[in-house]
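Please take a look at the model on the screen, and then I will walk you through what sits inside it.

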Amino acid sequence: MGQLTLVIGNKNYSSWSLRPWLVLKQVGLNFTEIMIDLGTPNTHKEIRHYSPSGKVPVLLDGDLTVWESLAICEYIAENFNSNLWPKDLEAKAYARSVSHEMHAGFINLRQQMPMNCRTRYPREGMKPGVQADIDRICAIWRECRQNYGTRGEFLFGKFTIADAIFAPVVSRFITYDVKLGLIEQDYVKTIWSLPAMQQWIDAACLEPEMMYF
């Protein structure tokens with residue numbers, strides 16, 4: 001293993017990049033960061049210099065390349081910090097299931113409420129299908145907190161990959177002022193108040209790049 005480098009997109013917009021970045025920060029790993037502006041004609045070419053998929057994020061560990069956000073998180077868990085998944089078999093299975101569900105689904109939410117950390121659009125984006133996505137996410141959070149998270153503030157008590165996977169949703173819920181129940185509100189506060197999350201948000205607010213969806 002060599003020097004870790006994480007290639008990411010704009011912090012204000014790249015929800016996929018936030019996830020492994022937050023994991024790396026939470027476990028205290030030192031890494032170099034390369035940011036590629038996602039809104040230029042050369043974006044794809046620049047990313048392809050690091051990743052065969054032409055998408056961010058990408059983790060470079062010496063000569064080894066890992067792309068795709070969940071794969072990067074799994075790589076970090078396997079090689080640097082095994083505590084990134086719950087130890088209990090049932091809790092771990094549930095954490096992986098909801099992480100993959102988030103990673104692969106909720107298209108309406110993604111399309112109608114794109115991540116934008118530095119702006120507020122209260123109650124915008126509530127198009128058909130979005131509320132159903134929100135309801136499912138809230139149900140996941142409640143089930144995790146009530147069944148597995150009673151010994152801490154995170155979905156499974158301690159911080160896990162599942163929290164990183166849902167971190168961009170927390171940002172979206174704040175940006176679009178999504179109405180939540182008490183359990184979900186407390187969880188949003190937990191993620192939003194993380195020093196690493198605030199570091200990401202602060203950097204996003206300083207970015208000059210503008211993208212339009």
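This is a predicted model: local features need pLDDT of at least 70, side-chain atom pairs count only at pLDDT 80 or more; totals for chains, interfaces and linings use all residues.

Phe 173, if we set aside its neighbours within four places in sequence, is in contact (heavy atoms within 4.5 Å) with Leu 109, Ile 134, Ile 137, Trp 141, Val 178 and Leu 180. Residues are numbered from 1 along each chain as its sequence is written, and side-chain values use heavy atoms, with hydrogens and water left out.

Phe 173 also belongs to the largest nonpolar core, which has 62 residues, and is listed with Leu 59, Leu 109, Ile 137, Trp 141 and Phe 166 as touching the most other members. Such a core is a set of buried Ala, Val, Leu, Ile, Met, Phe, Trp, Tyr and Cys residues joined through side-chain atoms within 4.5 Å, where buried means under 20% relative accessible area with a 1.4 Å probe, protein chains only. Among the elements that each supply at least two residues are strand E1 (4-8), helix H1 (15-26) and helix H7 (161-175), and H7 gives the most, with 9 residues. Helices (H or I, at least four residues) and strands (E, at least two) are DSSP runs, numbered from the N terminus.

Turning to the sheet, its 4 strands are open, in the order E2-E1-E3-E4, with mixed pairing; two strands pair if DSSP finds at least two bridges between them. The edge strands, E2 (32-35) and E4 (64-67), each pair on one side only.

Notes:
Buried means under 20% relative accessible area, exposed over 50%, partly exposed in between (1.4 Å probe, protein chains only).
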